[in-house]
Amino acid sequence: MDLPLNPESGPPLEEELAPYCLIRPATHRVPVIFASPHSGRAYPADFVAAARLDPVALRKSEDGFVDELFSAAPAEGMPLLAATFPRVFCDVNREPWELDPGMFDGPLPPWVNTASPRVGAGLGTIARVVATGEAVYRRKLSFPEAEDRIRRFWQPYHAALAALIAETRAEFGTCLLIDCHSMPTHPAQAANPPDFVLGDAHGTACAPRATRLVEEVLAGLGYRVRRNDPYAGGYVTRHYGRPRERVHALQIEIARPLYMDETRIERLPRMAALQADITRLIGDLAKLDWNFLG
């Protein structure tokens, strides 16, 4: 288990596995919270045993080390919530019941969403494939297995996130959720790849001014920043981003070649420079007056 747990990690589910790690600041100073839903790297033994892929191949779907990149948030007065379990095991950036019927050994309940584009791509709440397109499992799963993961991992993570948002809005009158991700090398963008992609669901999940402020800081640090292309935001951005209710959600995607070896899932020496720049971003956000969000 790489990610240290603290007293707010949620109830233990197995000997060493809790669904999330919530690191709070000594004082919550601004209405901004950070979340890293895909950097979890605690792989349950029974899941690894059921997989047909080796451990490195399983990790290809991770947003590797993103929780580390944003680890300065609590010191700057903003909470950081991170899932401890991996995306390929249970994806919290999906609806709770997006399931592929072809993965299961029996019929699914009629209320399960079996027809979403994510399910069709093999990337539902329980993924059929990893990011490289290889099948994850050597056998069919049972619905109770999926239900267990969703109830023990997906639901506690989202309960913690929803509570944090509600708490922040109650204290400050508004909340900005920054959902932190990393993106693999995209062949279609090889000629001019972005360093960061900001996703605000095309302006519907976050106040344009907030998106612009983040964009300006990153561009000022010398990074190539793009909006909503090719990532406009997933379930978390679209579900929680409700500006009319004074809750804003902005997804940040970071190009993995900036800091990690995508093949070996290892930190590169230049990760330190990127982390320093992200710490600068976090510090700049901590100094802003966010009253315009309300």
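Which residues in α6 meet which residues in α8? In the predicted model, V214, V217 and L218 in α6 meet L281, D284 and L285 in α8. By class, this contact comprises five nonpolar residues, no polar residue and one charged residue. Helix α6 spans residues 208-220 and helix α8 spans residues 271-286, and their axes, which come within 10 Å, cross at roughly 140°. The two helices are therefore oblique to each other, given that an angle has to be over 145 degrees to count as roughly antiparallel. The crossing of α6 and α8 is right-handed.

Confidence in the model was considered along the protein chain, for which the mean pLDDT is 92, with 93% of the residues reaching 70 or more. Over residues 1-15, however, the pLDDT is below 50, although this stretch has 37 contacts in the model beyond near neighbours in sequence.

Between the C-alpha atoms of F70 and P31 the distance is 16 Å, and the two residues are 39 apart in sequence.

F65 lies in the loop between α2 (55-58) and α3, where its relative accessible area of 4% makes it buried. A201 is placed in the loop between β5 (196-199) and α6, and A201 is likewise buried, with a relative accessible area of 5%.

In strand β1, which consists of residues 20-23, L22 was examined together with F65. L22 is buried, its relative accessible area being 5%, and the C-alpha atoms of L22 and F65 are separated by 16 Å, while the residues themselves are 43 apart along the chain.

A further feature of the backbone concerns the peptide bond from D229 to P230, which is cis, with omega near 10°. P230 is found in the loop between β6 (225-227) and α7 (235-240).

Conventions. Residues are numbered from 1 along each chain as its sequence is written. This is a predicted model: local features need pLDDT of at least 70, side-chain atom pairs count only at pLDDT 80 or more; totals for chains, interfaces and linings use all residues. Side-chain values use heavy atoms; hydrogens and water are left out. pLDDT is the predictor's confidence in each residue, from 0 to 100. Contact means heavy atoms within 4.5 Å. Axes are lines fitted to C-alpha atoms, for helices over the stretch in contact, and angles run from 0 to 180 degrees between N-to-C directions. Helices (H or I, at least four residues) and strands (E, at least two) are DSSP runs, numbered from the N terminus. Angles under 35 degrees count as roughly parallel, over 145 as roughly antiparallel, 65 to 115 as roughly perpendicular and the rest as oblique. A crossing is left-handed if the near helix is turned anticlockwise from the far one by less than a right angle, and right-handed if clockwise. Ala, Val, Leu, Ile, Met, Phe, Trp, Tyr, Cys and Pro count as nonpolar, Asp, Glu, Lys and Arg as charged, and the others, Gly among them, as polar. Buried means under 20% relative accessible area, exposed over 50%, partly exposed in between (1.4 Å probe, protein chains only).
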